[in-house]
Amino acid sequence: MVADGYKDTEIGVIPVEWEVKQLGDICDVKGGKRLPKGSSLIDIKTPYPYIRVRDMFMGGIDTNDILYVPENIQPKIKNYIISKNDLFISVAGTLGIVGEIPDELDNANLTENANKLTNIKADKKYLLYVLTSSSIQNIITSQTTVNAQPKLALGRIKTFTIPLPPLKEQEKIADILSTADDKINAIVTQIEKAETLKNGLLQKLLSEGIGHSEFKDSELGKIPESWEVIEFGKHLDVKSGFGFKAAEYSESGIPLIKIDNVSYGNIIWENTTYLPTHFTDDYKDLVLVKDDILLALNRPITQNKLKMAMLKEEDAPSILYQRVGKILFNKSYHYKFVYFMLYHYVYDFVIHHSVGTDQPFINISKIRKLLIPLPPLDEQKQITDILSTADEKLEMLRAKKGKYETLKKGLLQKLLSGEVRV
């Protein structure tokens, strides 16, 4: 039964005054262009910026690493530009990134791995939100799973079916969702500032300590006179997990923490693997509890951060899998100081000492050779208190961001279906 004022369509129930259109009916879809063979982009600024897929994020363009077309090459690709009035959609590599062009990149050259949506006969912001919605992104995701080298055909994009309210309602919907985006972006800015503050505190506190006036030279540079520099293995150690076989897994029981569960600062429980609960007795030394510090022994190559985490109460008990290391330490160190110290010192060490090519990993014997500072225990606790406050601020901001992202997701669904009218 369809409610009064609504109608049933191929994309679901929508208001009666809305239309259902294919994307190709409301805009032109055109491709980008690669540079001629033998030509290369340059980082020297010319009047001809070139937008690559790696510069794109959902919603827009990151201008921090833009490359440029040499002036002698531009005439050969001059017809493949995108304006600030257009939208882009990535069609190769990472599919379905949709966004706007900032003013400073108006009429930039566009990669062949993206298409532009031009001559748009709808509110541009409204169309952007439709293309980022789950209904369209799910279609794009299905394209990713069926092809070994995923690519979105231009003709396929034109057939995307979308709801089209009257123009005034499009504008109001876009305005509401833009307000949610503005709030999320403001929180992201706060998070970036808080991360910068934390990293500055890490650098200062782990090299200068608190309230020192006398310093000495060391293998780590100048450190307070009362501090020592020791090898990691002298006071700390790493215990690796065990390679349990798939035949030992169960549908429920105690969760197994694998390399993919260890993220940048927290444990991610996706695609969780379980072992029978009696394994907690059989492998007591691998059982993890609250405040255990875990270190990914695979080389962290995707972000300028170390894949390590401290277990929260909800993450325990669990069991340690291979290529994940648990930090063991004695009473010379405050446990949370160890976490902050590793976060600061170990990334570069892991990058330079990992072995292997396909799946690089760090050898535990090499970690034991890492040089680390040893302040007095009471100073470790003082440093930990300061850095914990910075972490709490970050955690609060990230939770706030997640709340608004959930709100926006719900709004997107309700507004683009006409369930909520404006």
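Predicted model: local features only at pLDDT ≥ 70, side-chain atom pairs only at ≥ 80, totals over all residues.
1. Overall make-up. The protein has 422 residues, of which 43% count as buried. Its secondary structure comes to eleven helices and 28 strands, and the C-alpha trace spans about 70 × 60 × 40 Å along the principal axes. Among contacts in the protein with a separation of 6 or more, 76% are accounted for by residues 24 or more positions apart.

2. The pairing of H6 and H11. Helix H6, which covers residues 167-208, packs with helix H11, which covers residues 377-417, at an angle of about 165° and with the two axes 9 Å apart. Because angles over 145 degrees count as roughly antiparallel, H6 is described as roughly antiparallel to H11. The crossing of these two helices is left-handed. Sorted by class, the residues in the contact of H6 with H11 comprise 24 nonpolar, one polar and eleven charged.

3. The crossing of H3 and H11. Helix H3, made up of residues 124-132, also approaches H11, and here the axes come within 11 Å and cross at roughly 110°. Since that angle falls in the range of 65 to 115 degrees, H3 and H11 are roughly perpendicular to each other. On the H3 side the contact is made by Tyr126, Tyr129 and Val130, while H11 contributes Lys408, Leu412 and Leu416. By class, the contact of H3 with H11 has five nonpolar residues, no polar residues and one charged residue.

4. Further detail on H3. The buried residues of H3 are Tyr126, Leu127, Leu128, Tyr129, Val130 and Leu131, and this list takes in Tyr126, Tyr129 and Val130, the residues of H3 that make the contact with H11. At the start of H3, a side-chain oxygen of Asp123 reaches to within 3.3 Å of the backbone nitrogen of Lys125.

5. With neighbours within four places in sequence left aside, Ile77 is in contact with Lys33, Arg34, Leu35, Pro36, Tyr50, Val69 and Asn109.

6. Arg52 lies in the loop between strand E5, residues 49-51, and strand E6, residues 56-57. Is Arg52 buried or exposed? With a relative accessible area of 12%, Arg52 is buried, because the cut-off for that term is under 20%. The side chain of Arg52 is joined to the side chain of Asp55 by a polar contact of 3.0 Å. Leaving aside neighbours within four places in sequence, Arg52 is in contact with Leu41, Asp65, Ile66, Leu67 and Thr111.

Technical notes. Residues numbered from 1 in each chain as written. Heavy atoms only, no water. Axes fitted to C-alpha atoms, helices over the stretch in contact; angles between N-to-C directions. Helix = DSSP H or I, 4+ residues; strand = E, 2+ residues; numbered from the N terminus. Parallel < 35°, antiparallel > 145°, perpendicular 65-115°, else oblique. Left-handed = near helix turned anticlockwise from the far one by under 90°. Nonpolar A, V, L, I, M, F, W, Y, C, P; charged D, E, K, R; others polar. Buried < 20%, exposed > 50% of the residue type's maximum accessible area, 1.4 Å probe, protein only. Polar contact = N/O pair within 3.5 Å; in protein donor to acceptor, adjacent residues only side chain to side chain. Contact = heavy atoms within 4.5 Å.
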